[in-house]
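Q: I would like to learn how to read salt bridges in a model. Please show me the entry first.

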Amino acid sequence: MTPAFSGSSPYCYSNSLAMVLGAESPAPSAIEVLTGSPFGAQWAEGALPHFDPLGWDPDLGLDQAIDLLGWTCQRTSGDDAAEAIGRLRQASRSGPVLVGPVDIGLLLHQPWSAGEANGSDHWVVVLDVDDERVLFHDPDGFPFATLPIGAFAAAWNSQLVECAGPFTMRSEFRRVRRVDVPAALRSSLPTAQRWLAGGGQDERPAPRGAVGAGAAVERLAAHVPAGLDDRTRGHLAGFAVRVGARRLSDASLWLAEVGAPDAAEIAGLQARLLGSVQYSLVAGATQAAAATLQQLAATYDDLCDAVAAACGT
């Protein structure tokens, strides 16, 4: 039996939500699957490719996971920097606050930060705000990190991060119904199937010219041999492939747990295929990467059908 993956992954919002929910939280791997992130791929011209569903983003995924787990919270955004920091200070007095997106390029406590906004979204858990600094857990490996208030506000207000609005935070978490993790995962399957079919959330239309699932991966496979620009190649090799493979590995684990063995097997195959692209991208083996991506593209319809069958549809 193949062991489940355990190790470092850019699961910032899932790890942050797990910290906020505390002892009653499921594993971050289950939270990630409940967000819907493993069930698709998306790419629009002029944007970066992602191995998550067309029209999906982490802010939407968090709302989905929180609701499926039987929790509610207060989500707020907007205001100017001073008002937002005041809101954060007040909320942190009652408990940890899930804050994000913030621009990871402006998180100056990270030694590799360039101090310039780059539009890469990130989530943290704020513990306290005093007159000078913000105290927070950064799931990127920095417990009890601090930043001056102005620096934290700048990262929180970056105009390059497209997910959600500026100064978005979630606080006052409260359980409203008891839901065990397998039940929450089973309840998530119809939405997973809709994500795979390209219709997950009607209220957030996909970007113009965007394609999803197998079509998105086919488009990527066609572009790889001709040569990717540095930004796209760096994004794939440094983030998108490894987080996508981890998501699919976790989906396989939890689909098997809730009695969807066919879907679990396909997701496991997808994880292996996508994970094997990592070396090819780093080594510049473009033909091998393209061939593997073509194999991956052909599996999305199968996964959609298998998830639909597990839902009884």
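Q: Which side chain meets Glu24 in a salt bridge at 3.2 Å, N to O?

A: Side chains of opposite charge can pair when their charged atoms come close. A salt bridge here is a side-chain nitrogen of Lys or Arg within 4 Å of a carboxyl oxygen of Asp or Glu. In this predicted model, Glu24 pairs with Arg175 at 3.2 Å, N to O. Glu24 sits in the loop between helix 1 (12–21) and helix 2 (28–34), and Arg175 in strand 7 (residues 169–175), 151 residues apart. Helices (H or I, at least four residues) and strands (E, at least two) are DSSP runs, numbered from the N terminus.

Q: Where does Arg178, the salt-bridge partner of Glu24, lie?

A: The side chains of Arg178 and Glu24 meet at 2.9 Å, N to O. Arg178 lies in the loop between strand 7 and helix 6 (181–197), so the pair with Glu24 ties together parts that are 154 residues apart in sequence.

Q: Is Arg178 buried or exposed?

A: Buried means under 20% relative accessible area, exposed over 50%, and partly exposed in between (1.4 Å probe, protein chains only). Arg178 is exposed at 68%, while Glu24 is partly exposed at 39%.

Q: How many salt bridges does the rule give?

A: The count is 13. Among them is Arg133 with Asp128, whose closest N and O atoms are 3.2 Å apart. Arg133 is partly exposed at 25%, and Asp128 is partly exposed at 30%. Elsewhere, salt bridges that share partners join Asp59, Asp63, Arg75 and Arg170 into one network.

Q: What conventions apply?

A: Residues are numbered from 1 along each chain as its sequence is written, and side-chain values use heavy atoms, leaving out hydrogens and water. Local features need pLDDT of at least 70, side-chain atom pairs count only at pLDDT 80 or more, and totals for chains, interfaces and linings use all residues.
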